[in-house]
Amino acid sequence: MLIPVSCSVTATPTLPTKPMPGTYGLPFVGPLKDRLDYFWFQGPETFFKARSEAYKSTVFRTNIPPTFFGVNPRVVAVLDCSSFSFLFDNTLIDKSDVLIGPYCPSPNFTGGTRVGVYLDTTDPKHSRIKNFCFDLLKRSSRVWISEFLLNLDALLTTAEADIASSGSSNFVVPLQKCIFNFLCKSIVGADPKLSPEIADNGFMMLDKWLAFQILPTQKIGVIPQPFEELLLHSFPFPSFLVSSDYKKLYEFVEKEGREVVKLAEDEYGLTKSDSINNILFVLGFNAFGGFSVFLPTLITTVGRDKSGLCDRLRAEVRSVMADKTELDFKAVVEMELVRSTVYEVLRMNPPVPLQYGRARSNFVVNSHESSYKVEKGELLCGYQPLVMRDPMVFDDPDTFMPDRFTGVKGKELLQYLFWSNGPETATPTAGDKQCAAKDFVVFTACMLVAQILNKYDDFECDDGNLAFSKLKKTTESVIV
């Protein structure tokens with residue numbers, strides 16, 4: 001059932017205005033209890049779901065980790081498509097320093113630069129930096145496909161050899177190398193091979209750099225409790241832990257990415273250091289970090305499926321490629337089931353589960369059933385895995401349905417696919433916070449699925465690990 005969604009404060013004036021449910025609890029005690037529920041006793045999804053059920057509302061007040069000194073953990077949770085969409089209204093929402101919530105990592109992680117993602121849309125530098133990002137993507141489109149497929153094929157060749165020798169091939173590290181190499185060539189215009197240390201360890205440098213910024217906000221599950229709480233969630237990590245690695249990445253971009261650095265300086269008025277730090281953030285946090293989360297989920301979702309999805313996807317890919325000599329964006333457009341599958345994985349497992357925004361002034365937020373007053377300065381928090389399983393919008397929302405976004409009705413649902421910090425039907429602009437590369441992400445994911453299923457007659461993933469367990473090659477590959 002499709003329910004019209006609007007960001008307008010006056011979109012649904014007939015809804016009753018109710019007192020917002022929820023509580024922050026007693027000082028220190030309330031935030032600590034919510035933190036332990038979030039990280040330890042319940043986990044993020046149950047944390048939000050249990051409170052929504054208890055309050056009988058998809059809009060409520062609660063605390064969100066981290067809760068250490070200097071961070072105000074109080075938020076207004078918005079957990080349905082209607083209330084969540086208010087986060088996209090720049091007249092209502094301020095996006096300054098709220099990328100990962102009420103906690104903002106030190107700018108020393110980004111060379112002292114306050115990079116574009118931490119700027120509000122009203123900041124004059126925001127539009128310049130985002131336009132620079134659009135320019136980077138436009139330039140990268142010349143080699144994006146070729147570099148991605150080249151590195152993907154190298155990964156698959158290695159995986160074939162591993163399976164032949166040991167029966168399976170863990171793809172985590174090879175996939176991260178693939179992602180890092182193709183993004184360096186595409187976005188920065190720099191070949192990692194020109195620096196042996198970056199070629200060998202660049203992806204691990206980014207992993208560490210990312211980890212120390214976001215660890216206070218993440219449930220890891222590797223270290224037993226209460227040690228995870230004490231060691232990972234009790235304080236912000238200092239940037240000096242990764243400053244040496246960051247300096248090496250900075251110098252690599254400065255030397256090998258001279259062309260794009262000069263572009264940022266000459267065309268967009270950024271200083272050299274701001275240019276490099278923004279390029280590194282786009283490369284490392286947005287692109288590498290996002291793909292490192294999303295692509296393994298996509299691969300295992302398709303590779304573990306037992307419903308015959310692989311056969312259907314393979315048939316579509318080979319039908320489209322029958323009269324083509326290469327895989328490209330135009331070919332992907334014709335693969336409706338492949339794209340729908342990618343969209344469904346993004347719906348069920350968005351790579352960035354939480355979105356935030358701070359109220360510029362008092363306003364009224366609408367759920368499907370009620371309206372609630374939000375006060376100036378309050379931080380709105382949307383948990384996308386629940387938002388995009390809104391039963392008022394999606395039929396059978398907790399079930400993975402690869403066909404969900406096919407046909408006319410399926411395409412109408414794309415307006416409620418919010419993984420990119422905006423509707424899938426919207427086009428990112430310099431004046432909003434929607435992911436500049438959202439279309440590149442979808443098409444790259446589609447190319448990954450298409451390349452694997454066109455190349456192999458049999459493709460399976462291990463049920464318990466991030467590993468290929470079967471890659472049986474077709475005797476006649478359609479793609480040359």
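Residues are numbered from 1 along each chain as its sequence is written, and side-chain values use heavy atoms, with hydrogens and water left out. Because the model is predicted, local features need pLDDT of at least 70 and side-chain atom pairs count only at pLDDT 80 or more, whereas totals for chains, interfaces and linings use all residues.

Helices (H or I, at least four residues) and strands (E, at least two) are DSSP runs, numbered from the N terminus. Two strands are said to pair if DSSP finds at least two bridges between them. An open sheet is formed by five strands in the order 1-2-8-5-3, with mixed pairing. Its edge strands, each pairing on one side only, are strand 1 (59–63) and strand 3 (93–94). Strand 1 runs antiparallel to strand 2 (residues 74–78), and five bridges join the two. Within this pair, Arg-61 has Val-76 of strand 2 as its bridge partner. In a regular strand, the side chains alternate between the two faces of the sheet.

A hairpin is formed by strand 9 and strand 10, with five residues between them. Strand 9 (residues 456–461) and strand 10 (residues 467–473) run antiparallel and are joined by five bridges. Here Glu-460 stands opposite Lys-470 of strand 10.

Rolling a probe the size of a water molecule over the atoms shows where empty space is left. On a 1 Å grid over the protein atoms alone, a cavity is a set of points where a 1.4 Å probe fits but cannot get out, and a pocket is an open set with protein on both sides within 12 Å along at least five of seven lines; lining residues have an atom within 4 Å of a point. Grid points are joined across faces, edges and corners, and a volume is the space filled by probe spheres set on the points. Ala, Val, Leu, Ile, Met, Phe, Trp, Tyr, Cys and Pro count as nonpolar, Asp, Glu, Lys and Arg as charged, and the others, Gly among them, as polar.

Across the whole structure, one cavity of 30 Å³ or more is found. The largest cavity holds about 50 Å³ of space. Its lining consists of Leu-298, Ile-299, Val-302, Leu-448, Val-449, Ile-452, Leu-453 and Phe-459. Helix 11 (272–303) and helix 17 are the elements that give two or more residues to this lining, and helix 17 provides the largest share, four residues. By class, the lining has eight nonpolar, no polar and no charged residues.

The second largest pocket contains about 500 Å³ of space. It is lined by 22 residues, of which Ser-52, Thr-58, Leu-79, Asp-390 and Pro-391 are the closest to its centre. Helix 2 (residues 44–55) gives the most to the lining, with four residues. The lining comprises six nonpolar, six polar and 10 charged residues.

Ser-275 lies in helix 11. This residue counts as buried (under 20% relative accessible area, with exposed over 50% and partly exposed in between; 1.4 Å probe, protein chains only), because its relative accessibility is 0%. Not counting residues up to four places away in sequence, Ser-275 touches Val-261, Ala-264, Glu-265 and Leu-270, contact meaning heavy atoms within 4.5 Å.

Cys-435 is found in the loop between helix 16 (407–412) and helix 17 (438–455). In an unreviewed entry, UniProt places the feature "binding site" at Cys-435; UniProt positions are given in the numbering used here, feature names are shortened, and annotations may be inferred rather than shown by experiment. With a relative accessible area of 28%, Cys-435 is partly exposed. Leaving aside neighbours within four places in sequence, Cys-435 is in contact with Ser-420 and Pro-428.
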